[in-house]
Every structure is written in C-alpha cells, then in structure tokens.
Amino acid sequence: MNKIIISMDEDMNFRAYTLYATEMVEKMRKMHVTSPTASAALGRVIICSSMMGLMLKGQSDKLTTIVKGDGPAGQIIAVSNSEGNVKGYIENPNVEVPLKSEGKLDVGTAVGHKGTLTVIKDLGLRDPYVGNSKLISGEIAEDLTAYFAYSEQQPSSVMLGVLVDTDYSIKAAGGCIIQVMPNADEDIISKLEERATSITSITNLIEASKSVSEFHKALFYGFNMKVLEEKEVDYKCDCAWERFESALISLGKEELEQILQEDGEAELVCQFCSKKYHFDKEHLERILSEVIGNR
Ligand SMILES: [Zn+2]
C-alpha cells in the first residue's frame, strides 16, 4: 500500500514527510512502459510531487512539477493534488544511458545536468504561484533540495529512491522530505544531518521495510517522532472526455473539417495514463457544428 506519514520530532525542530510508494511507482511504470532509467527519473519526480501535494493548504489546490533538463529523457512533468495523489509524464519513456561505475542507474545523465526545475502552484487565485530553480545534477532529489532553499526559502532535505528489479519491475520506491523549523535546536539539526549522511542508500531502507511505519522508524532511528497524520496516496489520473473535446474544439473549423475528410475519426491518448479517447465521425461532426455555431 502507498502511504505517507507526516511527523515531527517531539520538540518540534523539524517536520518530515515519509512516503512508501513501491506500488505507486510500479503502477506508473506499467502505464508508461518506462525503461529502468525512465522509471527511476519519473518515479523520483512523482514521489516528491505526491509529498509536496500534501503541503498545499486548500482542498482544490494543485501542484505541477516540471523538470526540463538537457538530457535524452526530455521533459518530465508531475501533477499532484492536496490529497497527495499524483500523475506524471516523461517525454522519452525509453531513455537508456550506461550505468554509473558503481552499477547504479544514471538518472542525472538521462535528465541532464543543466536545465530548470519549475513548480507551479494553482491555489485557486487569479495567477498561479510559479517558482524556478536551476538543476544541480539532474538526480532530482538534489535539485528539489535546491529548489526549496532558493525558491521557497525553506531549508529542506529531500531523499528519493527507486530500485528497479532485473525484470524491470519496481522492487522498492519511496522518499522523504525533511523541513527544518525556524529557531530549531542546532544540536538536533546536526544530529539529523549526521543521521542523513549515515543513510547511504534510501532504497535499501525501503526494501527492508514492509510498510511506511517500518520505513519511517528506520529513517528516524534514534529520534522520538510524533506521527501527525498517516494517509493513503496513489497514482491517479483525472482525465475525462470533456478535456479532449475542448482540445478538438481548439483546433478550429478548418482543421476539424480536414480530419473528418481525411480520416473520418480521431483518437487522442492521455499523456498521463495512456487511456485512449476514440472520436467517431458522428462525435466529430457534433464538435464541428459546435465550433461553427459559436462563431
Ligand atoms: Zn488520463
């Protein structure tokens, strides 16, 4: 089960979001048929976006994370909501680059070491909040840590991990975002930093845990943590016919007439869940008459 724990240390020096997301990333992999490196890259982005979704205050707020690097993976997008549910897209799901010398997937090279990270928060106001930062390594966790520091002035530490099995399925996936509170006790923070550097592989911790509680316990070994909330999250797409109808409407009269003449039908595919929307002749004619009627 995919679950997030929101917790604090007992003296309220830091807050932590801990996500156990193996099934969620496996669902994503099956939908997008991603290569191992693409699974790790997109997986890390959706894991972080899911946790960031829970930081939103309003119920209908939305968060979009766009990673645009200069590597062969192309653009990576994740959209999450205040429930922590998330959907994502990677431009090149087949991307493969040679493994790193220690045998790990080279997400940084696939994403690119240069580029931008953009976070758009739709808070129901007239203009959305847009934050930008430069990519540090393309490894995603480091890039998001930098984003929190530069763009949100929120000292945070982001750890993300996706472990891909030999049959390309997801063996373990999850992550953690730690936010340091203002006026935090320096001794606790250095103890926390020590703990973080001692964790050489977050994926090993997830793999050894059977639930989010076990993973949370292992992460914060030596700390007295208070659980504020435990929540189930998932990879969910909210696409619907209306969205694709408006996309067709926006093509305009000439192009719609051309589609009707040449193909007599149209098929649109949701980039987030690969669901196919098939428009037959009758449906297209109805849309065309709506376009003409609105002129
Ligand atoms: Zn969809």
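What share of the contacts in the chain with a separation of 6 or more is accounted for by residues 24 or more positions apart? The share is 65%, where two residues are in contact if their C-beta atoms, placed from the backbone, lie within 7 Å. The structure is a predicted model, in which local features need pLDDT of at least 70, side-chain atom pairs count only at pLDDT 80 or more, and totals for chains, interfaces and linings use all residues. Residues are numbered from 1 along each chain as its sequence is written.

The chain contains 10 helices and 12 strands, taken as DSSP runs numbered from the N terminus (helices H or I, at least four residues; strands E, at least two). Of its 295 residues, 39% count as buried, that is, with 20 or more other C-beta atoms within 10 Å of their own. Along the principal axes, the C-alpha atoms fill a box of roughly 70 × 45 × 35 Å.

Helix α1 (residues 22–32) and helix α2 (residues 36–53) have axes that come within 10 Å and cross at roughly 130°; axes are lines fitted to C-alpha atoms over the stretch in contact, with angles from 0 to 180 degrees between N-to-C directions. On the α1 side, V25, M28, R29 and H32 make the contact, and on the α2 side S39, L42, G43 and I46. These residues divide into 4 nonpolar, 3 polar and 1 charged (Ala, Val, Leu, Ile, Met, Phe, Trp, Tyr, Cys and Pro are nonpolar; Asp, Glu, Lys and Arg charged; the others, Gly among them, polar).

Terms used. A residue is buried if 20 or more other C-beta atoms lie within 10 Å of its own, exposed if 12 or fewer, and partly exposed in between; C-beta atoms are placed from the backbone.
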